[in-house]
Amino acid sequence: MKFIKGVVAEMKIVAWPDAKQTRKDSSTVIMTSVLYAIFFGVIDLVILELLQLFIF
């Protein structure tokens with residue numbers, strides 16, 4: 001019970017972000033993920049082409 005009361009007390013003092021900040025943070029995460037996916041996709045294609053050129 002002491003743990004639950006502690007959790008409830010801590011949750012009351014948490015500063016939750018508003019909807020605007022949540023959208024901003026979510027779009028940042030999504031855009032970063034997309035950019036990393038594109039980057040690693042291009043690197044993968046380059047490495048595959050180099051391997052096919054020299055090995056296969």
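A residue is called buried under 20% relative accessible area, exposed over 50% and partly exposed in between, with a 1.4 Å probe and protein chains only. The model described here is predicted: local features need pLDDT of at least 70, side-chain atom pairs count only at pLDDT 80 or more, and totals for chains, interfaces and linings use all residues. Residues are numbered from 1 along each chain as its sequence is written, and side-chain values use heavy atoms, with hydrogens and water left out.

The chain contains two helices and zero strands, where helices (H or I, at least four residues) and strands (E, at least two) are DSSP runs numbered from the N terminus. Its radius of gyration is 23 Å, well over the 10 Å that the globule rule gives for 56 residues, so the chain is more spread out than a compact globule. That radius is taken over C-alpha atoms, and the rule is 2.2 Å times the number of residues to the power 0.38. Along the principal axes, the C-alpha atoms fill a box of roughly 65 × 30 × 10 Å.

Surface figures complete this picture. Of the 56 residues in the chain, 0% are buried. The chain exposes about 5500 Å², of which carbon and sulfur atoms supply 74%; accessible areas come from the Shrake-Rupley method with a 1.4 Å probe, and for residues only the protein chains shown count as cover.

Val7 belongs to helix H1 (residues 2-13) and is partly exposed, at a relative accessible area of 34%. Between the C-alpha atoms of Val7 and Ile30, 23 residues apart along the chain, the separation is 30 Å. Val46 belongs to helix H2 (residues 19-54) and is partly exposed as well, at 44%.

The structure holds two aromatic pairs. Rings of Phe, Tyr and Trp (its six-membered ring) pair if their centres lie within 6.5 Å; planes under 30 degrees apart count as stacked, over 60 as edge-to-face and the rest as tilted. The rings of Tyr36 and Phe40 have centres 6.1 Å apart and planes at 20 degrees, so this pair is stacked. Both residues lie in helix H2, four residues apart, about one turn of the helix. For Phe39 and Phe40 the centres are 5.2 Å apart and the planes at 70 degrees, so this pair is edge-to-face. Ring pairs thus link Tyr36, Phe39 and Phe40 into a cluster, in which Phe39 is partly exposed, with a relative accessible area of 46%.
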